[in-house]
Amino acid sequence: MRKLIGIAQLQVGMFVDAEAVTETRDGQPVYYLAATRAVSLGPRGRRARLTGRMHEKVAQDGGLLLTSAHQIDNLRETGLTMVTIDTDKGLDLPPDLRPLTDPSRRPPPPGRLVHFDEELERAQTIRDETSATLQTSLAEVVDGRALDVDRILVAGGVMAESLLRNVDAMVSLTRLKRHDPYTAVHCMNVSTLVTAVALHDGVDPGQIPMVAAAALLHDVGKTRVPLEVLNKPGRFEPHELAEMRLHAKHSGDIMRETGRFSDDAIAIATQHHEMLDGSGYPQQLRGEQIDRFARMTAVADVYDALTAKRVYKPAMPMYQALMRIQRNRGTEFDERVVDLFIKALGLYPVGTLLELNTRELALVFQPNPQDPHHPTVGVLTLPSQKPRAVPKLVDLAIRSEGEGREIGRPLDPEKLGIDVESSLQQIAERGEHGERRRREG
Ligand SMILES: [Fe+2]
């Protein structure tokens with residue numbers, strides 16, 4: 001049986017799923033090990049070397065039987081954080097440890113190492129921890145203490161791991177916008193979305209923790225904006241607006257002062273309000289002058305701000321915000337980035353309220369990366385739009401389950417008085433989900 005486990009759980013005697021890779025350097029063959037169904041946060045070029053004899057054996061066996069602690073160290077040094085072991089060919093996990101995905105279920109969708117529902121709970125815990133870390137760090141900066149870069153980089157790495165296990169889980173949680181004094185939740189949402197876009201763009205995994213950490217810090221410069229400006233409820237006077245806009249430069253300065261961030265990472269902060277057509281600030285940069293990751297951050301930042309509820313404005317429904325971004329594709333926003341963004345978030349993000357062709361109202365409960373038009377939804381009402389006693393969980397991609405249901409149009413849940421969070425909770429608890437899981441198992 002195949003089990004996905006954390007690198008820390010790896011033991012001598014286990015069998016790691018892997019391929020043997022051969023490359024030619026200076027006319028000589030060089031042999032490497034490439035772990036399969038694994039997560040690596042190491043730079044793409046860093047791989048474990050193999051001798052010719054080992055290479056042959058790995059190719060023959062479809063993996064590596066670990067015979068020494070040294071081999072495990074080598075794998076860890078390449079940046080691997082999770083690997084798949086085959087318990088028919090080597091030792092199993094000790095009975096008190098659980099693998100990251102239940103091996104008795106059908107395999108997760110392509111590009112995902114674990115199921116959406118399996119990652120959701122972990123992603124929520126990681127978000128809570130990251131938000132606390134960020135709040136502490138920002139408060140320290142306000143107090144005049146140094147930014148704790150290590151702590152932020154670790155947080156970025158942990159978020160990146162969750163996104164690499166199943167990108168849809170943490171992305172779906174960006175709909176949560178609890179407000180807090182230093183907007184830690186906003187920073188985390190932006191970081192999640194930027195990292196997800198970067199992953200969809202095929203960015204070298206070695207860069208991902210740094211990108212995630214830098215995006216977490218994109219607004220850290222707000223700690224240098226006077227509080228009376230930052231918290232001003234009404235319109236800004238011109239000098240206040242100028243002060244407020246300086247936060248992007250301040251963010252870059254704070255990151256540069258630590259000496260720990262690359263130019264790319266610093267650009268995420270300094271350029272996150274630059275727009276493709278030169279209409280942004282502070283430098284009115286255009287097109288390619290704007291760093292690639294900063295172009296991703298600009299889209300994520302605007303999306304999260306639009307969909308957030310503020311004292312002065314209601315939350316814009318997710319589909320409307322996506323349409324707004326789509327409309328400015330090629331003017332304010334990089335076209336490619338917008339496409340990747342919609343791919344990362346899904347056509348119908350989790351929590352979107354839909355009217356189906358049957359006139360039933362339904363909430364998107366789980367994305368379907370293979371078929372974005374057919375997510376799993378929780379049907380909340382009857383065709384008369386009277387609430388159902390218990391929401392019905394329906395996978396629109398399964399013909400027998402969908403019973404001809406198709407997506408009609410998205411609606412604004414606030415206008416219809418539907419509380420998205422409590423409805424999703426109800427779907428998760430009572431939406432015949434348990435039964436479905438049992439069937440799958
Ligand atoms: Fe900002």
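Let me start with helices H3 (residues 116-142) and H6 (residues 184-200), which pack at about 120 degrees with axes 9 Å apart. That angle makes H3 oblique to H6. Angles under 35 degrees are roughly parallel, over 145 roughly antiparallel, 65 to 115 roughly perpendicular, and the rest oblique. Axes here are lines fitted to C-alpha atoms, for helices over the stretch in contact, and angles run from 0 to 180 degrees between N-to-C directions. Helices (H or I, at least four residues) and strands (E, at least two) are DSSP runs, numbered from the N terminus.

Now the ground rules. This is a predicted model: local features need pLDDT of at least 70, side-chain atom pairs count only at pLDDT 80 or more, and totals for chains, interfaces and linings use all residues. Numbering starts from 1 along each chain as its sequence is written.

Back to the pair. Which residues of H3 and H6 meet? From H3 come Arg 127, Thr 130, Ser 131, Leu 134, Gln 135 and Leu 138; from H6, Ala 184, Val 185, Cys 187 and Met 188. Contact means C-beta atoms, placed from the backbone, within 7 Å. By class, this contact has 6 nonpolar, 3 polar and 1 charged residues. Nonpolar covers Ala, Val, Leu, Ile, Met, Phe, Trp, Tyr, Cys and Pro; charged covers Asp, Glu, Lys and Arg; the others, Gly among them, are polar.

Zooming out. The protein chain has 17 helices and 12 strands. Its radius of gyration is 24 Å, close to the 22 Å from the globule rule for 441 residues, so the chain is as compact as a globular protein of that length. The radius is taken over C-alpha atoms, and the rule is 2.2 Å times the number of residues to the power 0.38. Buried residues make up 42% of the 441. Buried means 20 or more other C-beta atoms within 10 Å, exposed 12 or fewer, partly exposed in between, with C-beta atoms placed from the backbone.

Last, the backbone. Most residues other than glycine have a negative phi, and most peptide bonds are trans. Tyr 281 to Pro 282 is cis, omega near 5 degrees. Pro 282 sits in the loop between H11 (263-270) and H12 (292-307). Gln 385 has a positive phi of about 70 degrees. Its loop joins strands S10 (376-381) and S11 (387-395). Is Gln 385 buried or exposed? Exposed, with 12 other C-beta atoms within 10 Å. Glu 403 has a positive phi near 45 degrees. Glu 403 lies between helix H15 (399-402) and strand S12 (407-411), in a loop. Glu 403 is exposed, with 10 C-beta neighbours inside 10 Å.

Technical notes
Contact = placed C-beta atoms within 7 Å.
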